[in-house]
Amino acid sequence: MMDQISKYTNKLVADHSALRDRIAFAAQDDTLLTTGEPERARLAGDVLGRLDALALVAARPALPFAEFLVRRISSGESCIIPRDTETRTFLHDIPFLRRSDYEAGGPELLARLLGNRKGVIVEGVGIVAVGAVTVEQAYINYSSVFHAAFVKYLQDLLADGFLIPGEPAAFDDFRNGWLRPLTADGLVFRTGPLVEPAAILSEVATVGRYTVERGLVDSFFGNISCRSDDTIYISQTAASLDELDGCIDPVPFAPTSTTGITASSELAAHRRIYETGDARVILHGHPKFSVVMSMQCDREECGITDCWRDCPYVRYLGGTPVVAGEIGAGGLAKRVPPVIGESGRALVYGHGVFTTGRRDFAEAFRAMVEVENWCRNEYFRRLAERTKRQAPPA
Amino acid sequence: MNGWAGTILKVDLTSGRIWRETLPAEILHAYLGGRGLGVRLMRGFHSLDPFAPEIPLIFAAGPLCGTSAPTSARLAVVSRSPLTGTICDCPVGGRFAWSMKSAGVDALFIIGASSRPVVLRVAGDSAELVPADTLWGKTIPETFDSLADAGSVAAIGPAGENGVLFASIMMDGGDGGGRGGLGAVMGYKRLKAVVVNGARTVPIADHERLENACQDVMRLFRASPVIFGELGIAEYGTPALVDLIRQRRMVPTENFRRTYFAGSCNYSGPAIRREYQPQRDGCYGCPIQCLKRTPLGEQLPEYDAISHFGALNAISDLSSIVRATTICNELGLDAISAGATLSAWGEGRGRFLTADELPGLLADIGYRRGDGELLSLGSRRVAEQLGTPGLSMSVKSLELPAYDPRGAYGMALAYCTSNRGGCHLRAYPLSHEILRKPVATDRFSFSGKARIIKIAEDSNAAVDSLMACTFAFLGATLEEYAEILSAVTGMEYSPQTLRETGERIYLTERFYNCDNGFTVADDHLPERFYSEPGSSGDGIEVPAIDRARFDEELQKYYRIRGLTSEGTFPYPGFLGRQP
Ligand SMILES: [Zn+2]
């Protein structure tokens, strides 16, 4: 298990979601082991020892957003309720512990919370997340909480501006330090159309890795496919985009085999996009600014409350259509294909981006970069407008 | 009381007495219902011979049955298995559980043995035993038909009447009912059927909270490729697994001599669809509807049945396999044990069955005539009598289902630690080893599996006590179901408390088994899996299982469970400390 721990420690550092010297893991089979920064490692062990789970990670996020969220929330609350679809679906809400509560309740209290939820925000400690089955699962749950906090914080800033001291400076650090320019420059793509299965498999795996390496998406969330004449080659469900070797399912267009039962939950969307247009490849991920911006709706006096599921309108962000729709068989498979054809790009409310390439992945990848960059710029423009109206917090 | 009826209906078939008792609230809270409740009610009876008149046969529903909670209209039949000698629970679907709850009872507790065939009829608050001499000998569909007017039916067929050791109990509108031969226990009691009907509704503490939690579950179902994906089980039923398990090269073939069967493409999900244009069916109120029927209403086989009448017996003819399943459903035979007993017999005598021989031999088993007399005892006894005990591909005498353990090491361990014998559903490692949920694990590695299996056994014991469906948990988790249970009952449950409940149930079962002499010696796979490799190919290497590594992981499992290295309890007073 030590090899797994060091692998996911490195991933937390590489994807800039945790601070290298503030990461600790605990894992147990018939014995408990802990590793990493000593203070958090002790905590990780104390908590995991009380849980029926295989692994636990405790780390300080590389951004203070989760902590700010906790401090911005009124004192009666005990959890944050993100609005993005991924979190709604898989995490529901995210409990947090304020410093004083944690000091009073200790690992006992934290274990109780983690007995109910996959991850918890602990003021002063960071994000603590549990993996029932594997070390990877603890990493994934950490990553989900980090993503949810990121999206929620950016949304809340647009709505309410800065509220507490330290926020503007931290936000500047984020914008000028943590965020990297997003670009496809320097990446090598195979020229399509790809027809050989071996070439397709290798290109899908390569491009999956690009999306993560360039900071476009988080490792675990998203899916990617390439079609040949009679087959869709699609990443498997619960596969990491940067580790797709051996995790790509060939799914025939004709209903001749069900081996693709392990394919991505968005298989239906991919299939319909291929069937209704001229795309050869599809890229889907959850770039953070795109997720944030997809939820900024200007429609006034709208009666719809569950926009992420029920909104019937097509909006546009920088020319990219935005539609609603649940994951999987729920709805986006119906709503995305009709709007993605023209531009080869579509946003799904509170979820992420689909882009296509008519020839190969170069086009799809650049399109996703463009969508995310547009959303990023638009976000900062709107935030500047929002904060202009307010005096900085003392 | 919300959720639970709080009442049990007790029947003594020897004396004909029928009475209701209140179920203590603390027992219901501590064991939930279904499997857990049934197992708790077996305390003190667990060492009785399965064919002793005093042995209880228990039908127990869960607290969610009768509510809108997805997949919860199921119940557990619990007793001691005549096939394995272990405690045995069979989760089954259909309408029966719902109707039983409508009659205002959480469970039926049936002891004694009638001197003549009877049917137990429960209609609302009244219940009676009705002579059933004319029904004795009837097939299950015939029995359902003649009793349908009186309510939902659970019945045995000729196999149960004749004491076939893997006879099942079938529920109308339900899935193929159950493993371990509890149909024979019912047959020994001369109880042909139970009919239930009622009009009560289940009180729910918080409707809005329940509605929200149900929506969370449905959202997860829709996000799950296995459940509602276009290649998933709602579309194709469990035969959706045929192609996948072949591709993974872990199809038990020719009595587990090989792990790849090219002929399985004849009975894959798409092949069945082409041949039969199946319609959806399933448990009452279940949104998934994973059972499939022909347009004429004939039930199509599920994955394990299809694979065991297929690859395991080297048969690739779909119509013969469907016919074989139909016979099992008519006579009340567990198709998994039937298929595996036939394959052991086939290997033992040096020739597997032909497709033509299959239906006749299954009927012989059901009526215990000709070769069927011997085969009705299950593969372990058959193989022993043939002088080749190693040919029984079973653990604790329960025939293994259609996943070769050489292709998934968590499965290998789970077969051995299952309290009812070689069963994949107790820990359902297929979920992570093959279907990648919640995350993928390395199927060819034992690393971490001891704890993973332990956790999953506890979780599933809770699930089987809520009587939700195992498949639901390919999408949802205990988080959502704890919320549902809290909403229904008005008491707060969490995933962690549910797992703790599951652990109590699991250990109780294990304790009963240990009490009956089971030890580490029974927690082992047949020798074949440690000495013969599977069918490698397509870049997938399928070696034999490393016995030393298996033993090491089994010992880890015991330590995590708090058991001795013999797999037994370090202290005798376990039961006394449980509610
Ligand atoms: Zn997505």
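In chain A, 19 residues of domain 1 are in contact with 18 residues of domain 2, where contact means heavy atoms within 4.5 Å. This is a predicted model, so local features need pLDDT of at least 70 and side-chain atom pairs count only at pLDDT 80 or more, while totals for chains, interfaces and linings use all residues. Residues are numbered from 1 along each chain as its sequence is written, chains are lettered from A and ligands numbered from 1 in the order in which they are written, and side-chain values use heavy atoms, with hydrogens and water left out.

Where do the domains run? Domain 1 of chain A covers 2-152 and domain 2 covers 197-367; bounds like these come from an automatic or database domain assignment. Together these two domains of chain A bury about 1,600 Å², with carbon and sulfur atoms giving 63%. Buried area here is the accessible area (1.4 Å probe) that two parts lose on being put together, summed over both. On the domain 1 side, Thr85(A), Glu86(A) and His147(A) supply 32% of the area buried against domain 2 of chain A, more than any other three residues.

The rule also finds three salt bridges across this interface between domain 1 and domain 2 of chain A. A salt bridge needs a side-chain nitrogen of Lys or Arg within 4 Å of a carboxyl oxygen of Asp or Glu. Lys7(A) and Glu243(A) make a salt bridge, with their closest N and O atoms 2.6 Å apart.

## Where the chains meet

Now for chain A against chain B. The contact takes 51 residues from chain A and 46 from chain B, and the two chains bury about 4,000 Å² between them, 55% of it on carbon and sulfur atoms. In chain B, Arg219(B), Leu231(B) and Arg436(B) lose the most area to chain A, together 18% of what that side buries.

Nine salt bridges are counted between the chains. Asp29(A) pairs with Lys556(B) in a salt bridge, the closest N and O atoms being 2.9 Å apart.

## The largest pocket

The largest pocket holds about 1,100 Å³ of space. Of its 39 lining residues, the closest to the centre are Cys247(A), Arg436(B), Ala440(B), Thr441(B) and Asp442(B). On a 1 Å grid over the protein atoms alone, a pocket is an open set of points where a 1.4 Å probe fits, with protein on both sides within 12 Å along at least five of seven lines; lining residues have an atom within 4 Å of a point. Grid points are joined across faces, edges and corners, and the volume is the space filled by probe spheres set on the points.

Why does this pocket lie between the domains of chain A? Domain 1 and domain 2 of chain A both give residues to its lining, so the pocket lies between them.
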